[in-house]
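Please look over the sequence and the structure shown below.

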Amino acid sequence: MYYQQADDTIAAPATPQGMGAIAVIRVSGKQALQIVNKLFPSKDLTQVPSHTLHVGKLIWQGQWLDEGVISVFKSPRSYTGEDVVEISSHGSPVIVQRILRALIEAGARMALPGEFTLRAFLHGKMDLAQAEAVADLIAAESEAAAQNALRHIRGGFSAELQQLRNQLLQFAALIELELDFSEEDVAFADRDALQQLIEQIDKHVQQLLQSYAWGNVVKHGFQVVIAGKPNVGKSTLLNALLNENRAIVSDIPGTTRDTVEEFIQLNGLLFRLIDTAGLRITEDVVEQIGVARTHEKIVQADMVLYLFDITQVNETEWEEARKWLHELQKPYLLLINKMDLQHALPDFIHPDAQTMMISAQQRIQLDALKNRLVDMAQQSRVQGEGSIVTNARHYAALQKLKLDIQDIRTGLQQNLSSDLLANDIRKCLHDLGEITGEVTTEDMLDYIFSHFCIGK
């Protein structure tokens with residue numbers, strides 16, 4: 001797409017649209033200093049040292065645009081690896097647009113989504129996994145998501161993959177050497193050592209694959225469906241957990257006819273709380289749609305909070321709900337609500353690890369419930385200090401890598417020739433290279449960076 005235009009000088013706002021105290025406009029490329037110079041008569045920016053700030057007026061064609069701070073970062077010591085100039089102006093959208101228009105008239109062009117980070121990747125400032133982590137950091141909605149993205153940006157994940165790649169490369173070189181001496185039937189690569197390495201790599205890859213479930217929770221939030229019959233207190237519980245009146249609460253059964261979704265952070269983790277229509281048989285067509293959506297959300301959920309009214313629950317309802325939730329094979333909690341109205345449990349309810357008594361209206365046991373939510377979310381976490389995979393592209397490449405590792409294992413068991421083993425090892429190296437960007441196509445880069453925001 002725009003990778004053939006890598007010699008252009010690009011410009012874009014690096015701060016969000018809207019009114020604010022300060023806006024930052026980023027310019028990058030071979031002509032960045034010369035183009036901004038045309039707007040900045042106070043000083044010759046081509047002659048100033050790198051990593052310096054300069055205050056002055058911005059003027060274009062005799063019109064005073066603004067007064068701001070110019071930050072200069074000369075190649076290669078910049079985010080993109082090119083000459084970069086950042087203009088800190090007043091945050092009026094009108095001012096930002098005037099400066100951008102002047103920069104374009106002076107020779108720059110508007111940057112496309114992710115183009116600054118793409119150039120950082122192309123100039124070796126970061127690999128592809130680190131570049132994708134930049135987008136993850138910008139989009140992070142929880143402390144856990146931000147911390148994981150920062151670890152990837154710092155190269156923790158890339159370092160793990162590079163270590164695997166280096167180990168495979170050593171054997172690949174030895175096996176390739178065997179091919180040069182195929183007529184002499186000489187073996188340079190120790191097959192037993194290769195077998196041990198493959199087992200180590202396979203174990204590591206399996207840990208990364210298993211971390212993806214936890215990575216999804218970290219990145220997108222833990223989906224928690226609040227379900228139960230009408231008028232058991234589902235909307236009251238949602239409002240209590242959020243500490244605001246988000247859902248309508250009424251004594252009239254069937255008030256909630258569609259899902260109501262809100263996010264909450266607990267211990268740095270993001271939870272998506274989903275209030276649903278009460279589960280019952282109804283003749284109301286609209287309510288029937290709501291009940292159907294409740295079933296859909298329960299199937300999609302990471303966890304279900306199923307509420308009962310302690311003053312109305314009967315043994316049949318209790319046992320049917322327990323059986324149904326158990327068959328779903330996903331985490332759930334049975335919440336006995338309105339404990340402020342009746343302190344004693346019915347005889348047929350025997351408390352266990354999946355049962356809690358609460359009062360949503362009186363906010364009794366809500367802190368304990370929040371702690372349980374965090375504990376149950378963390379049960380999907382893979383133990384260890386390794387990286388957490390949150391990117392679907394990385395997950396797909398690791399799945400392919402695991403299959404190719406199995407091919408090497410099978411080849412060793414069958415005592416395959418060096419040329420066939422070498423081919424399988426090359427496939428593994430290719431899989432690892434796809435994650436870090438050592439193996440790329442323009443279509444892949446186009447897809448990845450088109451999902452970035454403009455200005456990054």
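In this predicted model, the count of cavities of 30 Å³ or more comes to 1, where a cavity is a set of points, on a 1 Å grid over the protein atoms alone, at which a 1.4 Å probe fits but cannot get out. The largest cavity has a volume of about 30 Å³, a volume being the space filled by probe spheres set on the points, with grid points joined across faces, edges and corners. Residues are numbered from 1 along each chain as its sequence is written, and side-chain values use heavy atoms, with hydrogens and water left out. Because the model is predicted, local features need pLDDT of at least 70 and side-chain atom pairs count only at pLDDT 80 or more, whereas totals for chains, interfaces and linings use all residues.

**The cavity and Asn391**

- The lining of the largest cavity consists of Ala129, Glu132, Ala133, Asp136, His152, Thr390, Asn391 and His394, a lining residue being one with an atom within 4 Å of a point.
- Helix α4, residues 128–139, gives the most to this lining, with 4 residues; helices (H or I, at least four residues) and strands (E, at least two) are DSSP runs, numbered from the N terminus.
- Asn391 lies in the loop between α11 (366–378) and α12 (392–413), and it counts as buried at 11% relative accessibility, since buried means under 20% relative accessible area, exposed over 50% and partly exposed in between, with a 1.4 Å probe and protein chains only.
- Leaving aside residues up to four places away in sequence, Asn391 touches Glu132 and Tyr212, where contact means heavy atoms within 4.5 Å.

**Helix α12**

- Asn391 caps the N-terminal end of α12, with a side-chain oxygen 2.7 Å from the backbone nitrogen of Arg393.
- The 22 residues of α12 reach 32 Å from the first C-alpha to the last, close to the 32 Å expected at 1.5 Å a residue, the expected span being 1.5 Å times one less than the number of residues.
- Among the buried residues of α12 are Arg393, His394, Ala397, Leu398 and Leu401.
- The buried residues of α12 fall within an arc of 155 degrees seen down the axis, so they line one face of the helix; the arc is that of the directions from the helix axis to the C-beta atoms.
- The exposed residues Leu403 and Gln413 sit on the face of α12 turned away from its buried side.
- Just after α12, Asn415 has a positive phi of about 55 degrees.

**Helix α2**

- Helix α2 (residues 93–105) has 13 residues and spans 18 Å from its first C-alpha to its last, close to the expected 18 Å.
- Ile95, Val96, Ile99, Leu100, Ala102 and Leu103 are buried in α2.
- These residues cover an arc of only 160 degrees around the axis, which puts them on the same side of α2.
- Gly107 follows α2 and has a positive phi, near 130 degrees.

**Backbone angles in loops**

- Most residues other than glycine have a negative phi, and most peptide bonds are trans.
- The peptide bond from Ser75 to Pro76 is cis, with omega near 0 degrees, and Pro76 is placed in the loop between β4 (63–73) and β5 (84–91).
- Gln329 has a positive phi near 60 degrees and is placed in the loop between α10 (315–328) and β11 (332–337), where Gln329 counts as exposed at 74% relative accessibility.
- Lys338, in the loop between β11 and β12 (355–357), has a positive phi near 70 degrees and is partly exposed, with a relative accessible area of 21%.

Notes. 1 Å grid on protein atoms, 1.4 Å probe; cavity = no way out; pocket = protein on both sides within 12 Å on 5 of 7 lines; lining within 4 Å. Polar contact = N/O pair within 3.5 Å; in protein donor to acceptor, adjacent residues only side chain to side chain.
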